[in-house]
Amino acid sequence: MSRFDFTPTLLDGVTLAQRKPIADERGFFSRFYCVEEFISAGVNKPIAQINHTLTCKKGAVRGMHYQKPPHTETKVVSCLKGEIFDVAVDIRKNSPTFLHWHGEIITASNRRSLVIPEGFAHGFQALTDDCEIIYCVTAAYSAENEYIINAIDPTIAVSWPLQITERSVRDSEQPDIDSTFTGLSLPVPSTT
């Protein structure tokens with residue numbers, strides 16, 4: 001029996017995973033990740049790290065972060081407490097959706113996860129106070145290979161649902177994308 005429903009988004013490779021809990025009078029059982037099932041969502045490398053974040057203030061934005069090859073990573077993002085607006089930006093050089101973004105509301109109660117493949121920048125906005133998220137990633141963090149796109153870059157123009165209340169200094173100091181930004185040279189799956 002499958003514990004997930006997978007729904008593709010308009011950005012090739014970005015997939016919404018809906019967990020299907022088993023419930024009774026005691027509560028419920030829910031699976032966050034299953035290697036056998038997530039292969040169908042494009043997660044074909046083993047999980048290398050599981051990260052857990054707390055964002056205290058509603059409206060705060062984290063991101064948009066990515067790692068360059070050979071440290072590119074797939075992320076499976078889930079919310080443990082509160083609500084977030086989770087965003088993926090396509091930065092694959094030859095993609096027809098290069099610099100397009102997709103966002104999903106991920107909450108503790110809707111039991112959704114966003115699968116963000118290699119070649120995408122990732123960030124999120126806390127829609128409630130004290131948001132906790134957990135994300136599984138397929139590559140260990142590499143500080144020298146981490147890069148950031150400004151979350152309010154007008155070239156990407158993410159429609160954040162709330163006024164941004166805070167960002168880290170490092171995230172907010174990133175310059176806007178210019179004509180020298182060519183993205184990541186990664187294979188783009190054929191849609192034919």
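Residues are numbered from 1 along each chain as its sequence is written. In this predicted model, local features need pLDDT of at least 70, side-chain atom pairs count only at pLDDT 80 or more, and totals for chains, interfaces and linings use all residues.

**Cavities**

A search of the whole structure finds two cavities of 30 Å³ or more. A cavity is a set of points on a 1 Å grid over the protein atoms alone where a 1.4 Å probe fits but cannot get out; lining residues have an atom within 4 Å of a point. A volume is the space filled by probe spheres set on the points.

| Cavity | Volume |
|---|---|
| Largest cavity | about 80 Å³ |
| Second largest cavity | about 30 Å³ |

The largest cavity has 14 lining residues. Tyr 66, Gln 67, Glu 73, Pro 117 and Phe 120 lie nearest its centre. Strand 6 (61–67) and strand 11 (120–126) each give at least two residues to this lining. Strands are DSSP runs (E, at least two residues), numbered from the N terminus.

Phe 32, Tyr 33, Val 76, Ser 78, Ile 134 and Cys 136 line the second largest cavity. Here strand 7 (75–81) and strand 12 (131–137) each supply at least two residues.

Six strands form an open sheet in the order 1-2-10-7-12-5, with antiparallel pairing. Strand 1 (4–8) and strand 5 (49–55) are the edge strands, each pairing on one side only. Two strands pair if DSSP finds at least two bridges between them. Strand 1 and strand 2 (residues 15–19) pair over five bridges. Asp 5 has Gln 18 in strand 2 as its bridge partner.

Technical notes: Side-chain values use heavy atoms; hydrogens and water are left out. On a 1 Å grid over the protein atoms alone, a cavity is a set of points where a 1.4 Å probe fits but cannot get out, and a pocket is an open set with protein on both sides within 12 Å along at least five of seven lines; lining residues have an atom within 4 Å of a point. Helices (H or I, at least four residues) and strands (E, at least two) are DSSP runs, numbered from the N terminus.
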